[in-house]
Amino acid sequence: MTISDSLPRPVVGLTTYLDPAVTEGCGTIEAAFLPQNYLAPVLAAGAIPVLLPPQGTDGGVLEQLLPRLDGVIVVGGWDVDPARYGAEPHAETDRPHRLRDAWDSAVVQEAVRTDLPLLGICRGEQILNVVLGGSLHQHLPDLVGEGTYQPGDHRFNPIPVDLRPGSHVAQVLGCTHVEAVPVSHHQAVDRLGSGLQASAWSAHGVVEAIELGQNRFCIGVQWHPEQSPTETALFDAFVQAARERQLGRSLPIQVDAALRDVSLPAS
């Protein structure tokens, strides 16, 4: 066995919904849950996914939790409460899910502060932008005049996006244009948060990806990469960043342990 074979797999936390769910065994219950589509690419990339249900943050919860993780994915879901960026709610904006907003925001803030690899998906990108002081367009049809970005009925619409040359997203995907990414959103980044750069746009000029260049891996995408089983580059790159963080913590310990097991020749 080599030293690399004995190293643990990186552990990745994923935020979750907290909503009523219909189950076969328990009926309708309040549940923390996440679609399997988010878990599959994390597993395929070689990480161990763990769920991070919305909860209070008193007592140093995040300061205890996040150092035990190697990366965090903030997933899609309900609209962010406009009060978090100083706006009145649009008529089409979802009712606030304040516990989830507070939890996801605190997770993002601590991940950014500690340079923990972070991938934000759809709502996750929006949370990243708002946490860093940005704002959101609350209803894109008012801006672009059509409903291209959210076809409804839990469907995803493939749209082309252009990537900023030299951006982290472009490096990860290996291109500056993607012909079809799956989207389902009626909100999007408006004013960019502090330190963030836009790195992908739709044909309407809607921001479809952002990144924080000062961190090792801090990317938000407005599209849903988990809906494209064959397009795994974002998850692979994220898990690789998580693996590097995990190795940075555990390798000296593992190397010391391995060296102690080496039998030295008799003098």
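Before going on, a word about the model. This is a predicted model, in which local features need pLDDT of at least 70 and side-chain atom pairs count only at pLDDT 80 or more, while totals for chains, interfaces and linings use all residues. Residues are numbered from 1 along each chain as its sequence is written, and side-chain values use heavy atoms, with hydrogens and water left out.

Strand β8 (residues 157-163) and strand β11 (residues 196-201) run antiparallel and are joined by two bridges. Two strands pair if DSSP finds at least two bridges between them. Strands (E, at least two residues) and helices (H or I, at least four residues) are DSSP runs, numbered from the N terminus. As a general point, strands of a sheet pair through backbone hydrogen bonds, either parallel or antiparallel.

Now widen the view to the sheet. In what order do the nine strands of the open sheet come? The order is β4-β1-β5-β6-β13-β12-β11-β8-β9, and the pairing is mixed. At the edges stand β4 (48-52) and β9 (177-183); each has a single partner strand, so one side of each is left without a neighbour in the sheet. From one strand to the next, the twist averages 25°.

Helix α3 (residues 98-114) packs on this sheet and touches β1 (11-15), β4, β5 (71-74), β6 (118-121), β12 (207-212) and β13 (218-221). Contact here means heavy atoms within 4.5 Å. The direction of α3 makes about 145° with that of β5. For such angles, axes are lines fitted to C-alpha atoms, for helices over the stretch in contact, and the angles run from 0 to 180 degrees between N-to-C directions.

Is D101 buried or exposed? D101 counts as buried because its relative accessibility is 0%; buried means under 20% relative accessible area, exposed over 50%, and partly exposed in between (1.4 Å probe, protein chains only). The D101 side chain makes a polar contact with the side chain of R123, at 2.9 Å. A polar contact is a pair of N or O atoms within 3.5 Å; within protein, one must be able to donate a hydrogen and the other to accept it, and residues adjacent in sequence count only if both atoms are side-chain atoms. Leaving out residues up to four places away in sequence, D101 touches D79, V80, D81, R84, R123 and I127.

Two of these names lead us on to helix α4. Helix α4 (residues 123-131) is mostly covered, with eight of its nine residues buried. The buried residues are R123, G124, E125, Q126, I127, L128, N129 and V130. After α4 comes G133, whose phi is positive, near 95°.

Helix α1 (residues 36-44) gives another view of burial: its buried residues are Y38, L39, P41 and V42. Seen down the axis of α1, these fall within an arc of 170°, so they line one face of the helix. The arc is that of the directions from the helix axis to the C-beta atoms. Just after α1, G46 has a positive phi of about 100°.

Strands β2 and β3 also pair, in the antiparallel sense, over seven bridges. A hairpin of three residues joins β2 to β3, and the bridge partner of D19 in β3 is A31.

Finally, look for the aromatic rings. Rings of Phe, Tyr and Trp (its six-membered ring) pair if their centres lie within 6.5 Å; planes under 30 degrees apart count as stacked, over 60 as edge-to-face and the rest as tilted. How many aromatic pairs does this rule give? The count comes to two. Y17 and F33 are stacked, 5.2 Å centre to centre with 5° between the planes. Y17 lies in strand β2 (residues 17-23) and F33 in strand β3 (residues 27-33), 16 residues apart. Y17 is buried at 18% relative accessible area, whereas F33 is partly exposed at 30%. F217 and F238 form an edge-to-face pair, 5.8 Å centre to centre with 65° between the planes. F217 sits in the loop between β12 and β13, and F238 in helix α7 (residues 233-260), 21 residues apart. F217 is buried at 2% relative accessibility, and F238 is buried at 0%.
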